[in-house]
Amino acid sequence: MAPHVVGLPPTMLLLQARTLRPEAIRIALVSEHNAGRPPSARLIGLAHRFLPSPLAPEALLEALSSIEELRELLDNPQLRNAIGRIEKLPSPPGLYLSLTAALEQDNAIDNGQIADLVATDPAIAAKVLQLSNSVFFNSGRTITDLRTAVTRLGLATLRDLVLASEVFSSSIISEEKRAQLQQRAMMSARLASRLLPSSSAELGATAALLADIGLLLPGVVEQNQSSEQHQTLGHADAGAYLLGLWGLPMPIIEAVAFQLEPERSNSRNFWVTGAVHVANRLIRREPVNLDYLQKTGALDKLPQWQQQADHLLGLAAQPA
């Protein structure tokens, strides 16, 4: 049987893996000679994560380590099985990951190069310009080109806009629902970034932006603090698991998973998980976990945070 398995094309092998072991995480190796081209649409629909080939040992160890951490965080066979059986998961945010990788290079990249990178996807570039001129980011003069957007918004905000544009381009949900989720996510991200020190603000904003990503999956329900979902797939765990499959940092995955119950976080201080919890609850106009804020020494800041949330909600209520 082994020779037949080895001889299978990658797509067939991954298809068999999904059929026989839907709970398994499927990793595909992509040749560095094809680095400039995305994997085929069929392969993207079957693989959960892509790693470069030839594969450096440290890259494999890092991937395996993150997968193990994810399993420990979400040790739920039913959840793994449910996600594994979904035939078409949202694709990883390729442009966002490329932009992040470019910014992390040793050689500095200028605003023009960043704008050129965003422009490789015209649909996302148009969406970024649209969002950058919304009431949340526009400070006066209309932004008409990507280079100006980079300069005026800053790299952290631009990355959030690219991420929002990619994540909420899913066709699984209606256009109206997608617009609502995106607006709520952008407000939560803006608020979460203000609840943390500058060193963690970008991480908090990204985690808050992705908090509702589970709702883009079929069969997932939106949870709240007053009801437990035993028979259905909840959006917090589903979203965190999907982000783990994409290989995003564990603080983001943990914040998404524990957004409703921040006390489950390993951190005893108010950090990313707490910021996502508070931002999401205030933007939704829902109760915040006061006991958690008391234990982390952040309760006295709640009135100030509420004012900031009210300001963002007020901006959202203004006519376009």
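This is a predicted model: local features need pLDDT of at least 70, side-chain atom pairs count only at pLDDT 80 or more; totals for chains, interfaces and linings use all residues.
User: Why is the contact between Glu175 and Arg178 called a salt bridge?

Analyst: The N to O distance between the two side chains is 2.4 Å. The cut-off is 4 Å between a side-chain nitrogen of Lys or Arg and a carboxyl oxygen of Asp or Glu, so the pair at 2.4 Å qualifies.

User: How do you know whether Glu175 is buried or exposed?

Analyst: Exposed means over 50% relative accessible area. Glu175 has 52%, so Glu175 counts as exposed.

User: And what is Arg178 called, buried or exposed?

Analyst: Its relative accessible area is 14%. Buried means under 20%, therefore Arg178 is buried.

User: What makes Glu202 and Arg159 a salt bridge?

Analyst: Their side chains meet at 2.2 Å, N to O. That value is within 4 Å, so the pair meets the definition. Glu202 lies in helix 12 (residues 198-209) and Arg159 in helix 10 (residues 155-167), so the bridge ties together parts that are 43 residues apart in sequence.

User: Why is Glu202 called partly exposed?

Analyst: Because its relative accessible area is 31%, which falls between the 20% limit for buried and the 50% limit for exposed. Arg159, at 12%, is under 20% and therefore buried.

User: How do you know that Arg184 and Asp212 form a salt bridge?

Analyst: The N to O distance is 2.7 Å, and the limit is 4 Å, so the pair counts. Arg184 lies in helix 11 and Asp212 in the loop between helix 12 and strand 3 (220-221), so the pair ties together parts 28 residues apart in sequence.

User: Which residues make up the network that includes Arg184?

Analyst: Arg184, Asp212 and Arg284 are joined by salt bridges that share partners. Asp212 has a relative accessible area of 6%, under 20%, so Asp212 is buried.

User: How many salt bridges does the structure hold?

Analyst: There are 7, among them the pair Glu175 and Arg178.

User: Why is Thr273 called buried?

Analyst: Thr273, found in helix 15 (residues 272-283), has 5% relative accessibility. The limit for buried is under 20%, so Thr273 is buried.

User: Which residues does Thr273 touch?

Analyst: Leaving out residues up to four places away in sequence, Thr273 touches Glu254, Ala255, Phe258, Pro262 and Ser265.

Technical notes
Residues are numbered from 1 along each chain as its sequence is written. Side-chain values use heavy atoms; hydrogens and water are left out. Helices (H or I, at least four residues) and strands (E, at least two) are DSSP runs, numbered from the N terminus. Buried means under 20% relative accessible area, exposed over 50%, partly exposed in between (1.4 Å probe, protein chains only). Contact means heavy atoms within 4.5 Å.
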